[in-house]
Amino acid sequence: MPTLEKTTDEILALAAVHFKVSRAELKPEDDFYKKLGLNSLQTLDLLTRLEQHFQIELPDYELQGVSDFRTLAERIHARL
Amino acid sequence: MLDLSKYNSLGEALRVALDRWPNEICLIEADRDRENARFTYRQFKEAALPLARALQDAGFKSSTRAAIIMTNQSKWLISAYAIFFCGGVLVPLDYKLTPGEQLQLLAHSHAEFLIVEYHLWRAITQDPAFSSLAARVILVTEAPANADLHGAHRWKHFRGTLEPSFVPRARNDAACIVYSSGTGGNPKGCVLTHENYLEQCIALTSLYPFWPGVRYLSILPTNHAIDFMVGFIGPFTCGATVVHLRTLRPEYIRKAFTRYKITYMSLVPMVLKNLERGLRDRFAALPLSRRKMLNALIAANRALTRRRPHLGISRALLGQVHAAFGGELRALFVGGAFTEPATLQFFYDLGILVGNGYGCTEAGTVITVNDFRPFRADTVGKPLPGIEVKIVNPDSDGVGEVATRSKMVMSHYLDAPEMTSEAIVSGWLMTGDLGRLDSSGHLQLFGRKKNMIVTEEGKNIYPEDIENALEGVAVKEFCIFATNYLWPARTMVGEKLVIVLHSESGNSLDSAAVSEISERNRRLLNYKRLSGYLVWDRDFPRTASLKIKRGELAEMIRQTLTRDAVIPL
């Protein structure tokens, strides 16, 4: 099983590619709504990409109250 | 459909409906590509009545209050019917509120019963205020086998064996307590009666009828007033089918349209805008010749539907576009927030009707809606049958506060007579929105008189509700405002919140305090975030009980500062 750090890193790399920003600009503690200028539908889109990448299913509600990459990584990590 | 003027309560009407169309499908619960459940009206009744009996065995009586906190799914509706069958008062709570906010509203509503999804229940049990929960019977859905339920029952095992007794209610009895705001300490619990709902349903279905075979796609949670009416009461009292989709992801919404041949769907402006974006991208990707052909067909459709819609013509001209929506779509309903006219016109030109509406919980959901006779993208339509709308204190342009009167206006705010008397004046509900009625009776909205914002997602945000999250920051005092309240603007888009900071030392604001506010702001739900702050150098005007006189402070700020003074957070 990958470490939480590795999961976080993969999420940041995927977000960087999907939203066309430099990987170096993204940090685990970043608020993805603010940093990437996303609305709630776009974050669902990100969730879909992450599901495909990690081969898991993440219900929409897993995003509830989550706005930073680190917490998102924890939610995903718990399902790996 | 049932003649709802003959019924006294939602429970009575639903009970008759379940027997009227036993073999029709009333409810499908889909999750992504899967179908979780499918109920005929008979099966729905068979699922709900044992629950009703178990509620009664647990002491549920007429007027008992029961809250539901669930995402968009079939057990919401089954539970709600069981509550109405037992003569109860339903308290639909927003599952997106924080556990602390949910506990606060549960306490305010005095709900004795609570029906909640496991993942939400788990979060509630972890909240510091959990010990204050007074609900005495709690049912949890979808709980894993070994989960610690903290004394709650499993919804699926909570079944009585005997027949439950139907409890009749009068038209003016409370049916629901719906919170329109107030998680910051001033809860606005709108008490809506059975009459409010029955009359709203009569009015809405007179314009947008349901019948057996109609399929309504529900993506909004049922605690949302629009979905409660057009995704539950409306279709169920007409023998139609509700398709619940347990995800908001655009790719699955698109698939649901075609898989279930959807007739109607309600959405918020943000989702509509997303659909528009998807279509525009697909059009742009077409080869030039096909794009030219499409544009010509759209132009032809626009010309042929100028006076009124012709679905048959539109479907024939733009078959592929309509096929992507399942081919049987009659209308999309959009409400909850302002929709840009260009978006509405985009869909109308494709022959896809978007019923643009305006309303509020206090008015029993919808006040006005576009009736397409003819389509008007620049207005929110005409008042529904049975609803009066007037403009109070209009200015020279005819713009003033929108007020409404009908059998659909709520009874009162729960335990808040003062707020009720401010909201309902001589039988007229003052909406706090600014609008104008044009010569053909269409309502146009221009902004707000009240200190609040509405997001694209249809969330009403009241500054007072956010102030709690900022308590204790190192300033002498602070107050949050909607920017369009401070500086009135004739717009319903781009609404923002700002915090006014008065530091101990006057003008100089401690940078640590700003960092702290910025950090707390980051932790707020994205749609509740402040866009910036204002520095203020005088004491806030306060009442004898030390409450901030918000109106007076806003006036002082308006006189001294402009929008340019807002420093982004």
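Modeller: To begin with a term: helices are DSSP runs of H or I with at least four residues, numbered from the N terminus. By that reading, Arg302(B) lies in helix α10 of chain B, residues 288-304. Keep in mind that this is a predicted model.

Biologist: Is Arg302(B) buried, exposed or partly exposed?

Modeller: Burial is a count of neighbours: 20 or more other C-beta atoms within 10 Å make a residue buried, and 12 or fewer make it exposed. Arg302(B) has 15 C-beta neighbours inside 10 Å, so it counts as partly exposed. Its C-alpha atom is separated by 9.0 Å from that of Ser314(B), twelve residues apart from it along the chain.

Biologist: How do I read the burial of a whole strand? Take β11 of chain B.

Modeller: Apply the count to each residue, then look at the two faces. Five of the five residues of β11(B), residues 241-245, are buried, so the strand is largely enclosed by the rest of the structure. On one side the buried residues are Thr241(B), Val243(B) and Leu245(B); on the other they are Val242(B) and His244(B).

Biologist: Which strands pair with β11(B), and in what sense?

Modeller: Strands of a sheet pair through backbone hydrogen bonds, in either a parallel or an antiparallel sense. Here β1 of chain B, residues 25-31, is joined to β11(B) by four bridges in the parallel sense. Strand β10 of chain B, residues 215-218, also runs parallel to β11(B), with four bridges. Val243(B) is the bridge partner of Ile28(B), and Leu217(B) stands opposite Val243(B) too.

Biologist: What is the strand order of the sheet that holds β11(B)?

Modeller: The order is β2-β1-β11-β10-β12-β13-β14-β15-β16 of chain B, an open sheet of nine strands with mixed pairing. At its edges are β2 (34-40) and β16 (382-383) of chain B, each of which pairs on one side only. Further along, β13 (residues 331-334) and β14 (residues 354-360) of chain B pair in the parallel sense over three bridges. In that pair, Leu332(B) stands opposite Val354(B).

Helix α2 of chain B, residues 41-57, packs on it and touches β1 and β2 of chain B, with its direction at about 90 degrees to that of β2(B). Helix α3 of chain B, residues 74-85, touches β1, β2 and β11 of chain B, and its direction makes about 145 degrees with that of β1(B).

Biologist: How many residues of helix α1 of chain B are buried, and what do they pack against?

Modeller: In α1(B), residues 10-20, eight of the eleven residues are buried, leaving the helix mostly covered. Those buried include Leu10(B), Leu14(B) and Leu18(B), but also Glu12(B) and Arg15(B). The buried residues pack against α2, α3, β8 (174-181), α6 (194-207) and α7 (225-236) of chain B.

Biologist: Where do the domains of chain B lie?

Modeller: The domain assignment gives domain 1 as 4-260 and domain 2 as 456-568. Taken over C-alpha atoms, their centres are separated by 36 Å.

Biologist: And a helix pair in chain A: at what angle do α1(A) and α4(A) cross?

Modeller: Read the axis distance, the angle and the hand together. The axes of α1(A), residues 4-18, and α4(A), residues 69-77, come within 9 Å and cross at roughly 120 degrees. The crossing is right-handed. Among the residues in contact are Leu4(A) and Ile11(A) of α1(A), and Phe69(A) and Leu72(A) of α4(A). By class, the contact has seven nonpolar, three polar and two charged residues.

Biologist: Last, how many residues does each chain give to the contact between A and B?

Modeller: Chain B gives 15 residues and chain A twelve. On the side of chain B, α8 (250-260) and α9 (269-284) are the elements that give two or more residues. Of the elements there, α9(B) gives the most, with three residues. That side has four nonpolar, six polar and five charged residues.

Technical notes: Residues numbered from 1 in each chain as written. Chains lettered and ligands numbered in written order. Predicted model: local features only at pLDDT ≥ 70, side-chain atom pairs only at ≥ 80, totals over all residues. Contact = placed C-beta atoms within 7 Å. Nonpolar A, V, L, I, M, F, W, Y, C, P; charged D, E, K, R; others polar. Domains from an automatic or database assignment. Axes fitted to C-alpha atoms, helices over the stretch in contact; angles between N-to-C directions. Left-handed = near helix turned anticlockwise from the far one by under 90°. Pairing = 2+ DSSP bridges.
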